[in-house]
Amino acid sequence: MRFTSALVAGALAVGASAAGKNYLGFNSGATLPDRSAKFKKDFEAEFKAAQGLIGAPGTFNSVRLYTNIQAYSKDDPIEAFEAAIDTKTSMLLGVWTSGTDNIDKEISALKKAVSKYGSKFTDLVIGISIGSEDLYRNSATGVKNKAGVGAQPETIVGFIKDFKKAFADNALSKVPVGHVDTWDVWGNATNKPVLDAIDWIGVDEYPYYENDKGNDIKNSGHLFDKAYDATIAAANGKPVWVTETGWPYTGPKWDEAVASVDNAKYYWDEVGCRKLFNKTPTFWYTLRDSNPDNKMKFAITDNLSTKPRFNLTCPTTFDTKDETSTVSSGTSTATGTSGSGSATGMPSASATSGSNGSGSGGSNGSSSNSASAAAATQTGAAASQKGSGAAFAGAAVMVGAFALF
């Protein structure tokens with residue numbers, strides 16, 4: 001199937017309209033770089049820094065969280081909620097669904113938050129993601145890359161039903177429910193039950209990790225467009241939110257991709273400014289690096305300074321040209337060790353340190369939570385060097401089987 005740039009733009013416009021407001025935000029996990037829990041003051045510092053970024057092409061007053069559970073607790077609401085209320089930060093919530101047979105503790109934590117904070121909280125929730133990269137990890141490519149335990153489409157659909165039933169008579173029943181995954185899974189027909197069950201699609205996409213596809217920084221905009229257009233085509237008119245993307249400012253070379261401040265700026269301009277910001281809900285990776293094991297570092301600031309690492313002001317012209325692109329409803333053929341999807345090409349933890357996830361995500365609860373214990377060992381591939389924000393890994397086991405992004 002061939003799509004002209006005009007058709008793709010039209011689909012994007014429909015998606016953005018259906019999604020409502022075009023949010024700008026970052027990913028934020030439940031732990032600090034030393035793997036200690038974040039508390040309200042930590043989240044508040046992040047949210048204030050994001051909103052005060054000098055030269056930003058808009059106000060980054062939204063955040064993507066990966067769990068509703070406070071780090072190392074059983075089912076206490078994550079303290080990011082209160083920090084978001086105090087800073088008027090919109091929230092895309094996440095529910096972890098891999099390596100577990102239920103989402104009871106996530107539901108419990110969220111119900112406690114609704115009871116405690118009421119409309120001050122629920123009015124700030126812009127979306128809820130049931131799962132993150134589960135379909136990729138459960139795919140043939142994910143298994144080959146030792147990405148960890150994922151979940152079958154019917155399992156995700158079951159959790160979506162459980163969530164909606166739990167909040168049917170709640171203010172959150174009006175919040176759109178989606179699922180976050182890598183771009184290459186959405187065109188796979190076996191995953192259509194998930195697509196049918198959700199209101200919006202979340203896509204994680206990193207041209208930096210696309211081995212053997214010409215992942216030089218100058219080609220990053222083109223690679224992003226091809227993957228994004230394929231996601232739009234597979235979405236069948238449903239809104240597409242970009243839930244993770246970015247380019248590291250330091251770290252080892254990855255095929256043709258080089259991590260540097262200049263390249264991180266170039267990617268911000270060619271992908272963020274040209275394609276995403278103020279056009280579709282976007283959650284950049286990332287404001288603060290949280291995983292000490294990641295060799296690639298993505299943070300756009302040092303120590304949450306409002307003075308960014310590079311100039312965030314968008315240019316008026318771009319190197320990447322919109323062009324007619326061929327998109328397929330099939331799966332990606334990208335190669336290399338992929339952590340977040342064969343398309344995004346994130347490295348397998350087994351190929352590196354076996355670390356936890358991106359450092360960006362959140363806890364799935366305490367060691368008493370069987371879901372967190374499973375998740376802590378299951379997402380090595382989704383994260384090790386950058387890893388997906390959805391990722392957990394072996395390092396989390398050493399801290400009480402606590403799922404750490």
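Modeller: A residue counts as exposed when its relative accessible area is over 50%, and as buried when that area is under 20%. These terms are applied here to a predicted model.

Colleague: Which residues are exposed on the other side of α4?

Modeller: The buried residues of α4 are Glu106, Ile107, Ala109, Leu110, Ala113, Val114 and Tyr117. They cover an arc of only 165 degrees around the axis, so they lie on the same side of α4. On the other side of α4, the exposed residues are Asp104, Ser115 and Lys116.

Colleague: What distance separates the end C-alpha atoms of helix α4?

Modeller: Helix α4 runs over residues 104-117 and has 14 residues. At 1.5 Å a residue, the helix should therefore span 20 Å. The model agrees with this expectation, since the end C-alpha atoms are apart by 20 Å.

Colleague: Which residue follows α4, with a positive phi?

Modeller: Helix α4 covers residues 104-117. The phi of the residue that follows α4 is positive, near 60 degrees, and that residue is Gly118.

Colleague: How many residues has the largest nonpolar core?

Modeller: In soluble globular proteins, nonpolar side chains tend to be buried together. In this model, the residues with the most contacts inside the largest nonpolar core are Phe81, Met91, Leu93, Phe121, Phe163, Trp268 and Ile300. Met91, for example, touches residues including Val63, Leu65, Phe81 and Phe121. The number of residues in this core is 91.

Colleague: Is the pair formed by Tyr267 and Trp284 stacked, edge-to-face or tilted?

Modeller: The search of the whole structure finds 24 aromatic pairs. For Tyr267 and Trp284, the ring centres are 5.7 Å apart. Planes under 30 degrees apart count as stacked and those over 60 as edge-to-face. The planes of this pair are at 50 degrees, so the pair is tilted.

Colleague: How many residues apart in sequence are the parts that this pair ties together?

Modeller: Tyr267 is buried at 0% relative accessibility, and Trp284 is buried at 2%. Tyr267 belongs to helix α11 (residues 261-276), whereas Trp284 belongs to strand β9 (residues 282-284). The pair therefore ties together parts whose separation in sequence, in residues, is 17.

Colleague: Over the ring of which residue does the charged end of Arg309 sit?

Modeller: The charged end of Arg309 is 3.6 Å from the centre of the ring. The ring belongs to Tyr249.

Note on methods. Residues are numbered from 1 along each chain as its sequence is written. This is a predicted model: local features need pLDDT of at least 70, side-chain atom pairs count only at pLDDT 80 or more; totals for chains, interfaces and linings use all residues. Side-chain values use heavy atoms; hydrogens and water are left out. A nonpolar core is a set of buried Ala, Val, Leu, Ile, Met, Phe, Trp, Tyr and Cys residues joined through side-chain atoms within 4.5 Å. Buried means under 20% relative accessible area, exposed over 50%, partly exposed in between (1.4 Å probe, protein chains only). Contact means heavy atoms within 4.5 Å. Helices (H or I, at least four residues) and strands (E, at least two) are DSSP runs, numbered from the N terminus. The expected span of a helix is 1.5 Å times one less than its number of residues. The arc is that of the directions from the helix axis to the C-beta atoms. Rings of Phe, Tyr and Trp (its six-membered ring) pair if their centres lie within 6.5 Å; planes under 30 degrees apart count as stacked, over 60 as edge-to-face and the rest as tilted. A charge sits over a ring if NZ of Lys or CZ of Arg is within 6 Å of the ring centre and within 35 degrees of the ring normal. Lists of a residue's contacts leave out its neighbours within four places in sequence.
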